[in-house]
Amino acid sequence: MRAQDGRCAHPLYALWRAMHQRCTSPLAINYDRYGGRGITVCERWSDFWAFVEDMGPRPEGKTPGGRGLYSLDRIDGALGYSPENCRWATLSEQNSNRRTWLKTHCPHGHEYTEENAWVDKQGKRRCRQCARDRRARLKAED
Ligand SMILES: [Zn+2]
């Protein structure tokens, strides 16, 4: 096991701690939006150094207000913190992502059911029915 010494001085330590607190401590600010709604931190990330290894350093950049431009974003807001569901994103990236996830239907009116929706590499939800329609249209034009 690696020594825990020095983790308090690490630039990601406060963020890692806050992530755990809002998921586990009812006293934490925002607990009702995280732990209170069943959002958890994966077991692997109870180890601070595993978290650092999975996420890598936070990309540099500051907002006009002097805060970190990039924050830890859950790609699917319904799921918890894990290497598969987390990325560094700017606030505007997160907001556009969240608006997408709030939608229940694609722009063509197909419902985002579990079978019909899939997530691309950018974390955007896509519609299978539209992809099928597109293929059928291309075929018809041949
Ligand atoms: Zn569609």
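Asn-30 sits in the loop between α1 and α2; helices (H or I, at least four residues) and strands (E, at least two) are DSSP runs, numbered from the N terminus. This is a predicted model, in which local features need pLDDT of at least 70, side-chain atom pairs count only at pLDDT 80 or more, and totals for chains, interfaces and linings use all residues. Residues are numbered from 1 along each chain as its sequence is written. Asn-30 has a phi near 75 degrees, a positive value in a residue other than glycine. For context, most residues other than glycine have a negative phi. Asn-30 is partly exposed, as 13 other C-beta atoms lie within 10 Å. The label "buried" takes 20 or more other C-beta atoms within 10 Å of a residue's own, "exposed" takes 12 or fewer, and "partly exposed" falls in between, with C-beta atoms placed from the backbone.

Where pLDDT is low, the predicted coordinates should not be read in detail.

The chain splits into domain 1 (1–89) and domain 2 (103–142), with bounds from an automatic or database domain assignment. Their C-alpha centres are 32 Å apart.

Now for the inside. The buried residues of α1 are Trp-16, Met-19, Arg-22 and Cys-23. Seen down the helix axis, they fall within an arc of 135 degrees, so they line one face of α1; the arc is that of the directions from the helix axis to the C-beta atoms. These buried residues pack against α2 and β1, where contact means C-beta atoms, placed from the backbone, within 7 Å. Leaving out residues up to four places away in sequence, Met-19 touches Val-41, Leu-72 and Tyr-81.

Helix α4 (residues 128–141) is another story. The number of buried residues among its 14 is zero, so α4 lies largely in the open. Its end C-alpha atoms are 20 Å apart, which agrees with the 20 Å that α4 should span at 1.5 Å a residue; the expected span is 1.5 Å times one less than the number of residues.

Key:
Two residues are in contact if their C-beta atoms, placed from the backbone, lie within 7 Å.
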